[in-house]
Amino acid sequence: RLRLALKNATGGTGKARDMNFGLLQSELAKIKEEGDVRLKTPPFFTVIIRTLTILEGMALQVDPNFRLVKGAYPFVLAQLLTRSGGTEQGLNCPPELRDLLIS
């Protein structure tokens with residue numbers, strides 16, 4: 001049932017770049033109401049999904065083709081490829097490759 005919910009939230013593509021957080025929230029609410037799957041989401045996760053749903057809804061008013069995951073890609077990639085605060089938290093990536101992927 002969860003796989004179907006994720007597929008429905010992506011418009012049937014199953015790809016993260018097509019994720020619609022409003023649909024995801026709706027699908028998760030349906031699962032919870034049906035009671036077939038015991039679904040307990042942590043409060044912080046609920047707040048994150050609601051926030052993303054609001055932001056996505058505002059962006060969709062301006063651009064109906066907007067996809068939050070697609071828009072966030074450069075930021076997420078940059079976070080994965082760079083070291084944070086001088087620690088080894090990022091992937092060990094040559095600066096040239098990082099610049100090519102992020103630019």
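**Close-up views of a predicted model**

**View 1. H1 passes H2 in a right-handed crossing.** A crossing is right-handed if the near helix is turned clockwise from the far one by less than a right angle, and left-handed if anticlockwise. The model is predicted: local features need pLDDT of at least 70, side-chain atom pairs count only at pLDDT 80 or more, and totals for chains, interfaces and linings use all residues. Residues are numbered from 1 along each chain as its sequence is written, and side-chain values use heavy atoms, with hydrogens and water left out. H1 covers residues 2-9 and H2 residues 21-34. Helices (H or I, at least four residues) are DSSP runs, numbered from the N terminus. The two axes come within 8 Å and cross at roughly 155°. Axes are lines fitted to C-alpha atoms over the stretch in contact, with angles from 0 to 180 degrees between N-to-C directions. H1 and H2 are therefore roughly antiparallel (over 145 degrees).

**View 2. Residues of H1 meet residues of H2.** H1 brings Leu2, Ala5, Leu6, Asn8 and Ala9 to the contact (heavy atoms within 4.5 Å). H2 answers with Leu23, Leu24, Glu27, Leu28 and Ile31. By class, eight are nonpolar, one is polar and one is charged. Ala, Val, Leu, Ile, Met, Phe, Trp, Tyr, Cys and Pro count as nonpolar, Asp, Glu, Lys and Arg as charged, and the others, Gly among them, as polar.

**View 3. H2 also packs against H3.** The axes come within 8 Å and cross at roughly 140°. Phe21, Gly22, Leu24, Gln25 and Leu28 of H2 touch Phe45, Ile49, Arg50, Leu52, Thr53 and Glu56 of H3. Six of these residues are nonpolar, three polar and two charged.

**View 4. The largest pocket has a volume of about 200 Å³.** A pocket is an open set of points on a 1 Å grid where a 1.4 Å probe fits, with protein on both sides within 12 Å along at least five of seven lines; lining residues have an atom within 4 Å of a point. The volume is the space filled by probe spheres set on the points. The lining includes Gln25, Lys32, Leu39, Thr41 and Arg50. H2 and H3 (43-62) each give two or more residues. Five lining residues are nonpolar, three polar and two charged.

**View 5. Aspartate 18 sits in the loop between H1 and H2.** Beyond its neighbours within four places in sequence, aspartate 18 contacts Ala9, Thr10, Thr13 and Arg67. Its C-alpha atom is 7.3 Å from that of valine 69, 51 residues apart along the chain.

Definitions and conventions
Parallel < 35°, antiparallel > 145°, perpendicular 65-115°, else oblique.
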